[in-house]
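Notebook open, viewer loaded. I'm jotting down what I look up as I go.

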Amino acid sequence: MTALFHRRCGADLPIASTGDGCFIIDKNGKRYLDSCGGAAVSCLGHSFEPVKTAIQEQLASLPFAHTSFFTTGAAEAMAQALIKHAPAGISRVYPLSGGSEAVEAAIKLARQFFIETGQPQRHKIIARRQSYHGNTIGALAAGGNQWRREPFTPLLMETSHIAPCYEYRDRKSDESAWDYAQRVANELETEIQRLGAENVMAFIAEPVVGATAGAVPPVPGYFKRIREICDTHGVLLILDEVMCGMGRTGTLFASEQDGIAPDIVTIAKGLGAGYQPVGAMLCTEKIYETIAIGSGFFQHGHTYLAHPIAMAAATAVIETLVAPGMLSRVRERGDMLQTLLEEYLGDHPHVGDIRGRGLFRGIEMVESKSTKAPFDPAKRLHQKIKAAGMDAGLMCYPMGGTIDGKSGDHILLAPPFIIEEAELQEIAVRLRHSIDVAIKQ
Ligand code: PMP
């Protein structure tokens, strides 16, 4: 009997024992092709020597130094490496241990920024209905995923949720992509005006939605309009790149492809590539300076901030990601994966949409392709696909839960960037098989 209860109670999971490139091998020797990086985490596979070596070297020299006493070479190097490649204007890094921590820190930083600029009434957050920003109380409050929020609602701060940018479901047949982008982005302005701009602190969104629906990219122009609206009303733009950042979409930061820069950006998952639990919140010089010349202290902190071993792992990951050829490889392999998915799944009567950017792809399942009607949630199709995948030696990430009562079952693919062509094809073959098995159940 297990003494753990961090998974579904009573779940009987295989015991992972070793890693080999894009595969995890269980204790019985069965090999699982990791098509999702766990949850878009393992961007360098499961046996990447340079990251292991960086961890071992840091461990041998200094495992830990508390940030109230010391900075470390490891933390300084990680921050420098990130800033060198960060979106325009982003110049400061606050290293943390994961995605929820990064989002919590972002929310608190936004709040403190407005207090220190003499606008203490600004405290409201706007997010989108199709969103997940973490499981801690503040991050959960920001997110729009009803299933996750509902049991905890009395504990959560009030957050407004506007429509997501979700072309497959919401663009009208007579509407151009551009008009659609403007229409949904303008919902932000309407909500800011409803709340009173003087009360609104920040808008938070994922550039490419990962955690509530498989890899939904924004339509061109959407984030430009969002940026404009935030600027007009003095609202901070927080981009949550916990899942879609760190090269996953083919650029180090996903927002680069939308031609905008945030005021605050959160990253995690791919930053440690699974070798260490690590995240970070990054902000502009303007925000940093406001606090530096104001109170001089961001009122936040955790014991394991900037943990040296996590920092050493993250630096090795960043250096690998920005090395020549890596991000272009993500783009090429991503296009290849899209083509393969269309080839193997495009004609499937229950595959409604195949989408994404880079090596971040999503498949939306539908009961009817013509009406886009989702399956009955009670069927739990996404979980059945995951289970059939595990039987077939394929890890794929299932997502369920409706958004505005419309979409239901999604599969997220986020394979390691080191994946080979033959392995991409194997993902498509095994996924088709897993979907067929699951639908018959
Ligand atoms: N934001 C997004 C977009 C995420 O996908 C996640 C994790 N799925 C989080 C925040 C929370 O990250 P963590 O699980 O590391 O706390």
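What radius of gyration would a compact globule with 441 residues have, and what does the protein have? The globule would come out near 22 Å and the protein has 21 Å, so the two agree. For the record, the radius is taken over C-alpha atoms, and the globule rule is 2.2 Å times the number of residues to the power 0.38.

Ground rules next. I'm working on a predicted model, where local features need pLDDT of at least 70 and side-chain atom pairs count only at pLDDT 80 or more, while totals for chains, interfaces and linings use all residues. Residue numbers start from 1 along each chain as its sequence is written.

**Overall**

I boxed the C-alpha atoms along the principal axes and got roughly 60 × 60 × 45 Å. I find 14 helices and 15 strands in the protein (DSSP runs numbered from the N terminus: H or I of at least four residues for helices, E of at least two for strands).

**Domains**

I looked up the domain assignment: domain 1 is 16–48 + 325–440 and domain 2 is 52–322 (bounds from an automatic or database assignment). Their centres, over C-alpha atoms, sit 25 Å apart. The contact draws 35 residues from domain 1 and 33 residues from domain 2 (contact: C-beta atoms, placed from the backbone, within 7 Å). On the domain 1 side, α1 (37–40), α12 (326–345), β11 (351–357), β12 (360–365) and β15 (409–413) each give two or more residues. I sorted that side into 17 nonpolar, 9 polar and 9 charged (nonpolar is Ala, Val, Leu, Ile, Met, Phe, Trp, Tyr, Cys and Pro; charged is Asp, Glu, Lys and Arg; the others, Gly among them, are polar).

**The sheet**

I traced an open sheet of 7 strands, order β4-β10-β9-β8-β7-β5-β6, with mixed pairing (strands pair if DSSP finds at least two bridges). β4 (90–96) and β6 (159–162) stand at the edges with a single partner strand each, so one side of each has no neighbour in the sheet. The twist averages 20 degrees from one strand to the next (axes are lines fitted to C-alpha atoms, for helices over the stretch in contact; angles run from 0 to 180 degrees between N-to-C directions). I then checked β5 (124–128): it runs parallel to β6, joined by 4 bridges. Ala127 stands opposite His161 in β6. Helix α9 (222–233) packs on the sheet, touching β7 (200–205) and β8 (236–240), at about 145 degrees to β8.

**The ligand**

I counted 15 residues around the ligand, the closest being Gly98, Gly99, Ser100, Ala211 and Val242 (near: C-beta atom, placed from the backbone, within 6 Å). Helix α4 (99–116) gives the largest share of that shell, 3 residues. The shell divides into 7 nonpolar, 6 polar and 2 charged.

Technical notes. Two residues are in contact if their C-beta atoms, placed from the backbone, lie within 7 Å.
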